[in-house]
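This report describes how two chains meet in a predicted model. A single residue is then taken up in more detail.

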Amino acid sequence: MTLVNTEQKIKRIYALEKRRTFICVGLFVVIALALGVVLMCLGNTNYTPAQVLDILIHGGSKAAVYAVRTIRLPKLLIGAISGFSFGVSGYTFQSLLKNPLASPDIIGVTAGSSAAAVFCILILGISGPVSSVFAVAAGLLVTGLILLISGRGKAFGGRMILIGIGFQALLNALISWMLLVGSEYDVGTALRWLRGSLNMVRMSDVPVTFAVSVIACTLLFICNKNLRIMQLGDEYATALGVPIGLTRVCCLVCGLILSATSTAVTGPIASVAFLSGPIAGRLLKGGKGTMALSGLVGVILVYGAEIVSKNLFTTNYPVGVVTGLLGAPYLLFLLFNINKKGDKI
Amino acid sequence: MSLQNRSEKNKLILGLIIEVTLVILGVFLSVSTGSKNIPLKDIAGFFMGTTDDAFWAAVISARIPRTVFGLLAGASLSVSGALMQSITRNPIADPGILGVNMGASLAVVIGMAFFHISSGIKLIGLSFVGALLTAAFVYGIASVGYKGASSIKLALAGAAVSTALGALVNTIMLPDSQVMKEFRFWQVGSIGGAGWEDVKLLLPFFGVAFIASLCLASPLNALSLGDEMAVSLGVKVTRTKLLAALCGVLLCASVTALAGPIGFVGLMLPHIIRQLFGNDLRIILPMSAIGGAGLLTYSDILGRILGRPGELEVGIITAILGAPVFIWIVWKTKAKSI
């Protein structure tokens, strides 16, 4: 009797969670699409959605084609890809290191990619896919170094976070140096590489970024189950038959490739990776769909910030400055909330 | 016992002599190096009053205030770092890592953009308030939850707060081209533009805070044994910590207001000094002050050599030198205490 009851209860909880995930993901997809439409329509010249569609398919006046196809369309696509990538990789790192503050943009992983991209563009004078490859390679190299120095053993996560912050400081100093030495120094470029921006993305960046992101995301979604079990602690995960080392390496490499590929195109869009995971986690209470939802939250953050920065302010802020601002209230929230619950960071 | 004491004393004196020699050498090098190098002979001549070359004399007298300011700023930052490390009982505490510099920056930018403040003393005041609030905020975030303010939590809270405040700084700075022009190079941390005015402003703050922290050295030493032990030794724990924190923040805030955020000096020097001479703050504080003065001077010289024909801001150099030291400290820290 009681056994049947319990079984039913568990089934009900699962059904509830499934419905919750379904509703949240659906809702967020709709919001992201709506924001995407707004992004395409608003700007220096406003168009109606029908006009935008017409311009995309049939073309139109030279100005309209330039505004919609050359400026806004790459922003829309790259915004979606990079937002999703940052969100998913942020969630992955935070889960892996079991710390809500340990996202790739805080612990120096993306700084490696930024530094490599700046080096390629300003010092060597190459851009495009080659610089992306360099950025990913440098990101991997830096993360490899961080891992190598932090070594194995008990304090794996903690040591990695601290050493990552050290690398972050070093790499940011190197970026500032290159920006000052490089001839093209202006504040726009500087901010792009230190905070992230969608202002300089081109259509030619889309295919490679998209392909790489899809592959890395797929792998991460496969690892998702093991990653969630590892939240219980390494001992339980081992007992449940999870290959801890393999999962860890796979998640690190894929998460890194995701954030590095996007960083090579947009620069490290501040706080997106940092915020998406916790928001999604809170909505789904850490359910199965959290990883996908983190990505969607990332897209919404990037779109929202881009729309706000282009239309509400007279100054044309890079998108990373606006998303970066969101970090402050979140930290305050974290402070008060954790204080109340007596939870651990 | 007495033999050991004597050898300790000898070591201390030797260390002091080496440090002072290095600093004096640094001062000469700093005056002589630049986009135009001046032979040491001419510098000696200038100080003896026997030189007759007006051009050299002009260049030298322009470089002297910068050098003096570098000495003072380095000493301030270094002492500030030593104090913060002592209060938080944590070797990685540094005004840069903890985000305190960014808080000071934000306050200064707000002052420049909204209230059109450009006088040094008001900027120091503003930056002090900003730094104090940020320090309290970061320490607050880090110390909630169990285990108190561990290294990871301090560093993460500092990094996250830095990112958020940095975005605020950019938001305020970007629309205002005048502020941006003033602020752009200030943001990296540079002592290149320092003159006698800045030295005069910084000196009293350094003097007061340094003497106060020397007076606090003994109670702080007792505190390092643990709060309960310190109470039983008759130390007023809260008052000591608060005063030391005020001194530390004042030191780094006044440098940040005048020269911009310069990180890692406060991390490197006290750490090296602790390795060499032990944990007594009565020794660490003055030794760090002298060492910090030297470190900043040499970093500045390095910036001028590497950045030719212009120069690299000293904040970049200290970060490039200091980050590996930070990583090294973390690497050799035991797993337990992370």
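The text below covers the contact between the chains and then one serine.

Of the area that chain A buries against chain B, 16% comes from A:Arg159, A:Leu162 and A:Trp177, more than from any other three residues. Chain A brings 47 residues to the contact and chain B brings 48 residues.

Between the two chains there are 0 salt bridges. Polar contact is counted for 1 residue pair, with both residues at pLDDT 80 or more.

On the side of chain A that touches chain B, helix H6 (156-181), helix H7 (187-195) and helix H13 (319-341) each supply at least two residues. H6(A) gives the most to this side, with 16 residues. The table divides the residues of this side by class.

| Class, side of chain A that touches chain B | Number |
|---|---|
| nonpolar | 33 residues |
| polar | 9 residues |

**A:Ser271**

Where in chain A does A:Ser271 lie? A:Ser271 is in the loop between helix H10 (244-266) and helix H11 (272-284). With a relative accessible area of 2%, A:Ser271 counts as buried because this value is under 20%. Leaving aside residues up to four places away in sequence, A:Ser271 touches A:Asp105, A:Thr323, A:Gly324 and A:Gly327, and also B:Thr163.

Methods:
Residues numbered from 1 in each chain as written. Chains lettered and ligands numbered in written order. Predicted model: local features only at pLDDT ≥ 70, side-chain atom pairs only at ≥ 80, totals over all residues. Heavy atoms only, no water. Helix = DSSP H or I, 4+ residues; strand = E, 2+ residues; numbered from the N terminus. Buried < 20%, exposed > 50% of the residue type's maximum accessible area, 1.4 Å probe, protein only. Contact = heavy atoms within 4.5 Å. Buried area = accessible area lost by both parts, 1.4 Å probe. Salt bridge = Lys/Arg side-chain N within 4 Å of Asp/Glu carboxyl O. Polar contact = N/O pair within 3.5 Å; in protein donor to acceptor, adjacent residues only side chain to side chain. Nonpolar A, V, L, I, M, F, W, Y, C, P; charged D, E, K, R; others polar.
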